[in-house]
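Please read it alongside the sequence and structure shown below.

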Amino acid sequence: MSGKHILHKFHEWFFSPAGPGLQRIPCHDPITSYGSLTATTLYRHNGFQVELLSGSTAQPYQVYLPAGAEIMVIFLGGSLEAESNLWSGNIPSPFPQTDQEDEPLPTKFFEQPHPSQGRKLLFKGETELTMSFPEENGVLLILEQLPPEEVHSCLRYFRKAAA
């Protein structure tokens, strides 16, 4: 098989119902930023929204959900430090920071998911949450249900906290 043919097959799978389900990427506000956080909307349809949230700093953020709001936070990779009444802890990067920039990452882990990937928490309104990405990176998936006809990013719940 030629490279082009393999990529066509991959493309067909990627956008098929059997693939990762990225057929509902919205055209309205697909990317939102606040401070060092970026939320990319992967799905918004029938009152549900999924955003890929990436952060690249140790800046802590307070997350405030008003009464009645709910979000599910799924850790995908990088590092995360969180403090709330539901869960507090630190999920470090599997690759420790080194002073040597020339040191390559271990190739056997290059395409592997983070060892703690998939940790999920449901946060309900009026839950106090502070989070940061202590090793200057982090990736979360945020799932929420939106009121009909409303378009808002999950970043509306985030505020910079005192460091």
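Rings of Phe, Tyr and Trp (its six-membered ring) count as an aromatic pair if their centres lie within 6.5 Å. The model discussed here is predicted. Across the whole structure, a search finds six aromatic pairs.

**Aromatic pairs in helix H1**
- Phe10 and Trp13 make a tilted pair, with 5.8 Å from centre to centre and 35° between the planes.
- These two residues lie three apart in helix H1 (residues 3-14), so about one helical turn separates Phe10 from Trp13.
- Phe10 is partly exposed at a relative accessible area of 47%, and Trp13 is partly exposed at 42%.
- The ring centres of Phe10 and Phe14 are 5.9 Å apart with the planes at 35°, so this pair is also tilted.
- Phe14, with 25% relative accessibility, counts as partly exposed.
- Phe10, Trp13, Phe14 and Phe15 are linked into a cluster by ring pairs.

**Nonpolar core**
- The largest nonpolar core comprises 24 residues, and Leu53, Leu140 and Phe158 have the most contacts inside it.
- Elements giving two or more residues to this core include strand E2 (37-45), strand E5 (70-78) and strand E10 (138-145).
- E5 gives the most, with three residues.
- Leu53 touches several residues beyond four places away in sequence, among them Leu37, Leu140, Ile142 and Phe158.

**Strand pairing**
- Six strands form an open sheet in the order E1-E2-E3-E10-E5-E8, with antiparallel pairing.
- Strand E1 (31-34) and strand E8 (120-124) are the edge strands, each pairing on one side only.
- From one strand to the next, the twist averages 25°.
- Four bridges join E1 and E2 in the antiparallel sense, and Leu37 in E2 is the bridge partner of Tyr34.

Notes:
Residues are numbered from 1 along each chain as its sequence is written. This is a predicted model: local features need pLDDT of at least 70, side-chain atom pairs count only at pLDDT 80 or more; totals for chains, interfaces and linings use all residues. Side-chain values use heavy atoms; hydrogens and water are left out. A nonpolar core is a set of buried Ala, Val, Leu, Ile, Met, Phe, Trp, Tyr and Cys residues joined through side-chain atoms within 4.5 Å. Buried means under 20% relative accessible area, exposed over 50%, partly exposed in between (1.4 Å probe, protein chains only). Contact means heavy atoms within 4.5 Å. Two strands pair if DSSP finds at least two bridges between them. Axes are lines fitted to C-alpha atoms, for helices over the stretch in contact, and angles run from 0 to 180 degrees between N-to-C directions. Rings of Phe, Tyr and Trp (its six-membered ring) pair if their centres lie within 6.5 Å; planes under 30 degrees apart count as stacked, over 60 as edge-to-face and the rest as tilted.
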